[in-house]
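User: Hi, I'm new to this one. Could you walk me through it?
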Number of protein chains: 2
Amino acid sequence: MFESAELGHKIDKETYDAEEPVLRLSLLEAQFTLAKTRDFPVIVLIGGVDGAGKGPTVNVLNAWMDPRLIETNAMGAPSDEEEDRPRMWRFWRALPPAGKIGIFFGSWYSQPILNRVYGETGASDLEKSIEEIERFEAMLAAEGALILKFWFHLSKKAQKKRLKALEKDSVNHWRVQDTDWERFEMYDRFRKISELTLRRTSKGHAPWHVVEGGDERYRNLTVGRTLLAALRERLDGVQPEPAAAAAPPPLPSVDGRNVIDALDLSLALKKKEYEERLAELQGRFNGLSRHKKFARHALVAVFEGNDAAGKGGAIRRMTGALDARFFRVVPVAAPTEEERLHPYLWRFWRHIPRRGNCVIFDRSWYGRVLVERVEELSPEDAWMRAYGEINDFEEELARHGCILAKFWLAIDRNEQEARFRARQDTGYKRFKLTPDDWRNRDKWDLYVHAVSDMVDRTSTSVAPWTLVEANDKYHARIKVLETLCERIEAAF
Amino acid sequence: MFESAELGHKIDKETYDAEEPVLRLSLLEAQFTLAKTRDFPVIVLIGGVDGAGKGPTVNVLNAWMDPRLIETNAMGAPSDEEEDRPRMWRFWRALPPAGKIGIFFGSWYSQPILNRVYGETGASDLEKSIEEIERFEAMLAAEGALILKFWFHLSKKAQKKRLKALEKDSVNHWRVQDTDWERFEMYDRFRKISELTLRRTSKGHAPWHVVEGGDERYRNLTVGRTLLAALRERLDGVQPEPAAAAAPPPLPSVDGRNVIDALDLSLALKKKEYEERLAELQGRFNGLSRHKKFARHALVAVFEGNDAAGKGGAIRRMTGALDARFFRVVPVAAPTEEERLHPYLWRFWRHIPRRGNCVIFDRSWYGRVLVERVEELSPEDAWMRAYGEINDFEEELARHGCILAKFWLAIDRNEQEARFRARQDTGYKRFKLTPDDWRNRDKWDLYVHAVSDMVDRTSTSVAPWTLVEANDKYHARIKVLETLCERIEAAF
């Protein structure tokens, strides 16, 4: 993989001086076209051995192009706000919007590779990271991102020479840190592990470009030309190689039975029993939320359900037991302008809470496989791949210690009609009823199908779905609170 | 101020039980109306003595109303990302959008009062903080925010009793911390200083409501009713009392002379001299940006100027000298949806850099007093008060150690026309030219007037304007870089 980056590539000054202005101009033009159409975001990863010119190259890209349309992210040590959230949060928050180029100086590759090099993780951890990265990048590509990954390489001999030369340089000596020399000691191991990682993660939709780092002119032209070619190709309408095919579309079950119709919606509680159990469960839930172990976790609760199934009421019984300082309810409606310029899950990632906190989604990322599927707002391949992307997302949350609780509140058609009519008749509740609600009823069977696929495909051991029989509100609220307590107790 | 909050107010159970459901329903209705119209944000501050029921009251508000439309912010110790930015950044980032209620548990009052109580600051520091808060809240009110400030009070005797009772309570004992007892020792001092602060900052547009904290039912009803009355009043169209009048509108100078026309636009540099000085200045600027003292500062550069005055080119000469990891260029265009739901300056606050970093605004908050004034996009009172708000904003940045450099790049009408024509003729530059650019030319004199007012009113010792004669690009770029170096050197 690195052989051709150890040949001592060089570009002479005349060639460089002739090509550079043309390249700059073409890059600028491509950048402006991109900014105008805002068709897709460009994600450029910069990695490689120390002293191979990563920093200078990033500076050259900023100098050649319009820096107003570039966001350079130096991914050094995470801040405390970042430490307190799942590992990938900091990358999500830095993803560029469509129309811009985001350069990641250090990326999601840095920790998996370095941890393995220093023996802090085993071979299977690296394998797992690689698989996760593959899925993450496939998702980005499917969402339209143009991804370029540059690996700056130097042979062992060349690296040593370069580090020494840099140290002597009066202007650039600060670029060489002690850690660079420590890493140099690990050169062979670093090479082996990064070679494996690059080989495994170089895909048509997110290719690695290994760049020999010894000659500045060679480096600059290689990176510039590669970026330009990729930009031009996409701007000219060439679609990227599709990522691995999604699972085949789900078929309706052959005997017509499904998890939703199998629910016993007659389950109900008497008012007195409800009030007793509510008080008991809210106390238990409150105690758990203040338990010292909770500070190591975070709670992410998702409420989905038929219209008028009582999500709001269930959420209120939940928040009623919590200290207002530590929860936030996020009602999910149409995405904002900024959200639409980012990959689908970006708008949920931004609300992921710090440790010790709780966030409650009133509707959620499952909109993709529910309303967007049924109303045909998203093409089939988008919602089909969403199942896998959502599972990856939730696994990432769970790995960080997030406790996930997902509720589907189910009512039947008659109960829904009765509730709609009651809303129409009650002053302040009229606000909650929209013409959409009546329209959605006509697609009842399609929704049942979509919900049952959703449960089949996204109820996992780390983030199981809880189906809540909600014709009786008392029963529903108690089941929600009980499940929350059990999920937290299990996590402790 | 606190006398009537030491009377031992109490509400009996029957009265409470009769009023509570009505109040809740009315609050919900008001909340839904607000969510639908998204006319204004509601900002609720919660402060006061410890043990006076601040936390429980916030929880009650969340329980009574729809928590999906409330954002509760516990302003405890700042995170490292917050520490690294001006003091007010954390409040700005937490401001609720129009249509929502933001509850601040702890607020911009906490530190000024506590620092003074513990003798860390002097009386004049508190005075200064009070003035800043007054201006900040006047700005929020003028931007449309409904502001309610609740101060929970207990007499010294009642506080002692309550703290002791809380400590014995098996459920709530965690609410009492050592610091609460430490503060109790300071009761008299705390009372005196908070009394002064409240008295000074209780305004028609942002009134303080002192609530006796001894009786839960009294507390809840008082806060609930106050919030409801304020919401209803605003929703019914009653406008808040105007904040202190802005300065009178600027008159055109009587002799027709102004700072812009006084510029000598013939200033120019020869190419050779330009290239030598550019190399020298970029080196100097680069050295300063990597100086260890820079880590205690941040650089905020603002570029404004006539269309086609060469802002982009000047910015590129600046960024060309910087390490791409530590700067970000923010091109300012029309606000996004989320930005429009917040006070004007919110969209700039979100880009304020951490210490050691640099952010360059290509156009800026001065749009308010330039294009928005001239094109009549904002009413006169909005842009008139913007001068003062901007000065406050920049002073806040400067106090934190931000180095501010503001450039107005000036060209004359002939030069502009020549540049427009050149853009039309150059492929990739055509992108930069819009019909707006031609239209703006018709308002040249209005712009000159607006720019000269802007300079008069916002060129301050902490954030002076640099007027750059930009008919000659070489001269302009050198003057920009030179000024930047001087500003940083002065700050060191």
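Analyst: Two residues count as being in contact when their C-beta atoms, placed from the backbone, lie within 7 Å. This is a predicted model, where local features need pLDDT of at least 70, side-chain atom pairs count only at pLDDT 80 or more, and totals for chains, interfaces and linings use all residues. Residues are numbered from 1 along each chain as its sequence is written, with chains lettered from A and ligands numbered from 1 in the order in which they are written.

User: OK, how many residues does the contact take from chain A and from chain B?
Analyst: 40 residues from chain A and 40 residues from chain B. On the side of chain A that touches chain B, 15 are nonpolar, 10 polar and 15 charged. Here Ala, Val, Leu, Ile, Met, Phe, Trp, Tyr, Cys and Pro are nonpolar, Asp, Glu, Lys and Arg are charged, and the others, Gly among them, are polar.

User: New topic: what order do the strands of the open sheet in chain A come in?
Analyst: The 5 strands run S2-S3-S1-S4-S5, with parallel pairing. Strands (E, at least two residues) and helices (H or I, at least four) are DSSP runs numbered from the N terminus, and two strands pair if DSSP finds at least two bridges between them.

User: Which strands stand at the edges?
Analyst: S2 and S5 (208-212) of chain A; each has a single partner strand, so one side of each lacks a neighbour in the sheet.

User: And how many bridges join S2(A) and S3(A)?
Analyst: They pair over 5 bridges; A:Ile70 has A:Ile101 in S3(A) as its bridge partner.
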